[in-house]
Amino acid sequence: MAPRAYWKGTLKLSLVSCPIVLYPATTAAEKTRFHLINRETGNRLKQQMIDAETGDVVESDQKGRGYELRKGKYVEIEPEELEAVQIESNHTIDIESFVPSEEIDQRYLNHPYYLAPDGKAAVDAFAVIRDAMKDQDRVALAKIVLTNREHIMAIEPLGKGLLGTTLRFPYELRDEDQFFDDIKSPKITKDMVELASHILQTKAAHFDPGKFKDEYETALKALVKRKASGKTIELPEPEERPSNVVSLMDALKQSLKGRGGKKAAAKSNARRATGRQRAAKKTHRSTARHRKAG
């Protein structure tokens, strides 16, 4: 049984439109979750809102929203005042432009959704929009209202359907300069960079999310199963950190040895030797020509 649609509306490309449904592409349903419980009774705890100054429990009808103007000073915003600025959804995704996918900074990517046609009557129009996007090899940018907020969505073909990813706004991203400006520019030797490059080559692979294993989640499930069966949980001994200090060059060399680096290094040395031989032959031929000309 297909999951319940998160959003229903219309996808529009100029005068072409089709009804669509939108589903979240991610889920946290399989993650292990814990509840707060009373150790004495084993009952689940109920959270309450407490006044930070008086310590009194605040009932539901006393709760409000406030924006902090300065430390401890709030301006209260009424629910109807919030409604005045909320954007009402017209349940339309209107494609505004198409951009090359490589121009989208990955830091802007937020939440992914699946877009599918809503009903048999929508399939033809949906396929036309999807296949046109495949031919153009571009990503559509459109506006959509979700949970009373307007979002920019990047839409691209994915199999028989479409993948829509909401984008963050520029104000939501931190400027990288405040984190990178203090990084020094040390003098790194060419040999170090070449050794690091060889290590990278030994780790070259293709993206395969099927190989991703959430070992912590697996360990949590095993812990719960073991505890529920009445078995004791033995705490592991803390790992000792190696105390020996290894130079960067030594670390690179040792890493290369441990990952088939001899072959990579041999190839590199062979390339350098071949380059020197070619240069020597070229010099020899040039000298011979000069002698002959003389």
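This is a predicted model: local features need pLDDT of at least 70, side-chain atom pairs count only at pLDDT 80 or more; totals for chains, interfaces and linings use all residues.
1. Nonpolar patch. Tyr67, Leu69, Val75 and Ile77 make up a nonpolar patch on the surface, and together they have about 370 Å² of accessible area. Two strands are involved: E3 (65–70) and E4 (73–77) each supply at least two residues of this patch. Tyr67 sits in strand E3. With a relative accessibility of 57%, Tyr67 counts as exposed, because the cut-off for that class is over 50%.

2. Negative patch. A patch of negative charge on the surface is built from Glu76, Glu78, Glu80, Glu81 and Glu83. Helix H1 (residues 79–85) is the main contributor, giving three residues, the most of any element. Glu78 belongs to the loop between E4 and H1. Its relative accessibility is 32%, so Glu78 counts as partly exposed.

3. Salt bridges overall. How many salt bridges does a search of the whole structure find? The search finds five.

4. Arg107 and Asp105 form a salt bridge in which the closest N and O atoms are 2.6 Å apart.

5. Arg130 and Asp131. The side chains of these two residues meet in a salt bridge, at 2.9 Å from N to O. Is Arg130 buried or exposed? At 15% relative accessibility, Arg130 counts as buried, because the limit for that class is under 20%. Asp131, at 31%, counts as partly exposed.

6. Lys221 and Glu217. A salt bridge joins Lys221 to Glu217, with 2.5 Å between the closest N and O atoms. The two residues are four apart in helix H5, which means that about one helical turn separates them. In general, an α-helix has 3.6 residues a turn, so residues three or four places apart point the same way. Lys221 counts as partly exposed at 41% relative accessibility, whereas Glu217 counts as buried at 12%.

7. Length and end of H5. Does the span of helix H5 agree or disagree with its number of residues? H5 covers residues 215–228, which is 14 residues. At 1.5 Å a residue, the helix should span 20 Å. The expected span is 1.5 Å times one less than the number of residues. The end C-alpha atoms are 20 Å apart, so the two values agree. Just after H5 comes Gly230, with a positive phi of about 90 degrees.

8. Loop between E7 and E8. Which residue in this loop has a positive phi near 50 degrees? That residue is Thr147, which is not a glycine. Thr147 lies between strand E7 (139–146) and strand E8 (149–158). With a relative accessible area of 61%, Thr147 is exposed. Asn148 lies in the loop between E7 and E8 as well. Asn148 is not a glycine either, yet its phi is positive, at about 65 degrees. Asn148 is partly exposed, with a relative accessible area of 44%.

How values were computed:
Residues are numbered from 1 along each chain as its sequence is written. Side-chain values use heavy atoms; hydrogens and water are left out. Patches are made of residues with over 30% relative accessible area and no salt bridge: like charges are joined within 9 Å, nonpolar side chains (Val, Leu, Ile, Met, Phe, Trp, Tyr) within 5 Å. Accessible areas come from the Shrake-Rupley method with a 1.4 Å probe; for residues, only the protein chains shown count as cover. A salt bridge is a side-chain nitrogen of Lys or Arg within 4 Å of a carboxyl oxygen of Asp or Glu. Buried means under 20% relative accessible area, exposed over 50%, partly exposed in between (1.4 Å probe, protein chains only). Lys and Arg count as positive and Asp and Glu as negative; His and the chain ends are not counted. The place of a charge is taken as NZ of Lys, CZ of Arg, CG of Asp or CD of Glu.
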